[in-house]
Amino acid sequence: MQETGKKLLWNTSSLFTNKRFVAGGATTPFADVFAYAGAQIKHSLEIAKRLGSESYVFWGGREGYESLLNTDTKRELDHIAAFFQLAVDYAKEIGYTGQFLLEPKPKEPTSHQYDTDAQTTIAFLKTYGLENDFKLNLEGNHAFLAGHTYEHEVRFTREAGLLGSLDANMGDKLIGWDIDEFPNDIYEATLVMYEFLKNGGLPTGGLNFDAKVRRQSFEAEDLFYGHMAGMDVYAAGLRVAAKILEDGYFEDVLKDRYSSFDSGIGADFEAGKVTFADLENYIIDTPDADVIAATKSGHLEAIKATLNNYIYSVLGARFN
């Protein structure tokens, strides 16, 4: 680091590979293992302090359960929340100021991990009062495993004010496990970068390639192509997203679709001025046909076509 000037984006600690963590680290039912996990995180935070890492990531590969039949889920969640609070307290004690991050993933290796997806993790943080000390590190492949798109996870995390870091990879839609493929989907990259720009960038560094080449890509040049393709696709997505944001296209779509809440009964509702009785009095004499006529098409096909046109117009026939 001294020779190159490169900085440490984030570091972490493995509380899942060693067999002592077979039932979890911070959610283990065994106190000695819990103590070992705490000591390991203490040491890891000291390394984070010494190396000046911008963030510290907790990925709980074993923090979950295989069966409810032998798991006290409430006790385990209480334990891991208290464990995270101990980490916050120790960071303050040693003067480590990096951002704490949780990385959602629904399963694998654990059958059901507690931080299943972004919304589950956000709810956990808010339930235990940790939302001021933690943000989320989101991974594209994990989003797919949770049954979401990557942009879905980024959107909800951004709107919660908890977007901290992004792992730029993707998964194979035909394979149901975490393969950490280098990103190459311009459509996904554009929508993720749109949320990135709406967030004002990231508070703790840039995008991290948590990715590897395919099994049959075993020559040295394949690793370079993987990195170049991944960087190119996100750079291209950033250019397209910037143009969409500059034009205000998506904002105009939403403004038009929700315009009925900008005046009349809709605006009164959003201002907190109406009750159920007010809503009933407003609508009770309106013919059902008029209520149905008040709806509008979502025009999703046109929106997707316009998104494609943005990609074509900004990037041309190839990435420049």
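This is a predicted model: local features need pLDDT of at least 70, side-chain atom pairs count only at pLDDT 80 or more; totals for chains, interfaces and linings use all residues.
Helix 7 comprises 28 residues and extends 42 Å from its first C-alpha to its last, close to the 40 Å expected at 1.5 Å a residue. After helix 7 comes G248, with a positive phi near 70°.

The axes of helix 7 (residues 220-247) and helix 12 (residues 300-315) come within 9 Å and cross at roughly 115°. The crossing of these two helices is right-handed. On the side of helix 7, the residues in contact are A236, R239, V240, K243, I244 and D247; helix 12 contributes L307, Y310, I311, V314 and L315. The residues of this contact divide into 8 nonpolar, no polar and 3 charged.

The wider setting is as follows. The secondary structure of the protein amounts to 12 helices and 8 strands. Along the principal axes, the C-alpha trace spans about 70 × 55 × 40 Å. Of the 320 residues of the protein, 38% count as buried. Among contacts with a separation of 6 or more, 76% are accounted for by residues 24 or more positions apart.

Helix 1 (residues 31-51) has 21 residues and reaches 30 Å from its first C-alpha to its last, close to the 30 Å expected at 1.5 Å a residue. Which residues of helix 1 are buried? They are V33, A37, I41, S44, L45 and A48. These residues cover an arc of only 115° around the axis, which puts them on the same side of helix 1. Just after helix 1, G52 adopts a positive phi of about 70°.

Individual residues outside these helices may be considered next. T17 is located in the loop between strand 1 and helix 1. T17 is exposed, since its relative accessible area is 63% and the cut-off for exposed is over 50%. Although T17 and R62 are 45 residues apart along the chain, their C-alpha atoms are separated by 8.7 Å.

Y114 belongs to another loop, the one between strand 5 (112-113) and helix 3 (118-127). Is Y114 buried or exposed? With a relative accessible area of 14%, Y114 is buried. Not counting residues up to four places away in sequence, Y114 touches T27, E63, G64, Y65, T71, T73, E76, L77 and T120. The C-alpha atoms of Y114 and F124, which are 10 residues apart along the chain, are separated by 8.8 Å.

S165, by contrast, is placed in a strand, namely strand 7 (residues 163-167). S165 is buried, with a relative accessible area of 1%. The residues touched by S165, not counting those up to four places away in sequence, are W10, L101, L136, N137, L138, L202 and G206.

Some backbone features remain to be described. The peptide bond from E108 to P109 is cis, with omega near 15°. P109 is found in the loop between strand 4 and strand 5, and E108 is placed in the loop between strand 4 and strand 5 as well. E108 has a positive phi of about 65° although it is not a glycine. At 29% relative accessibility, E108 counts as partly exposed. D180, in the loop between strand 7 and helix 6, likewise has a positive phi, near 50°, in a residue other than glycine. At 11% relative accessibility, D180 counts as buried.

Key:
Residues are numbered from 1 along each chain as its sequence is written. Side-chain values use heavy atoms; hydrogens and water are left out. Axes are lines fitted to C-alpha atoms, for helices over the stretch in contact, and angles run from 0 to 180 degrees between N-to-C directions. Helices (H or I, at least four residues) and strands (E, at least two) are DSSP runs, numbered from the N terminus. A crossing is left-handed if the near helix is turned anticlockwise from the far one by less than a right angle, and right-handed if clockwise. Contact means heavy atoms within 4.5 Å. Ala, Val, Leu, Ile, Met, Phe, Trp, Tyr, Cys and Pro count as nonpolar, Asp, Glu, Lys and Arg as charged, and the others, Gly among them, as polar. The expected span of a helix is 1.5 Å times one less than its number of residues. Buried means under 20% relative accessible area, exposed over 50%, partly exposed in between (1.4 Å probe, protein chains only). The arc is that of the directions from the helix axis to the C-beta atoms.
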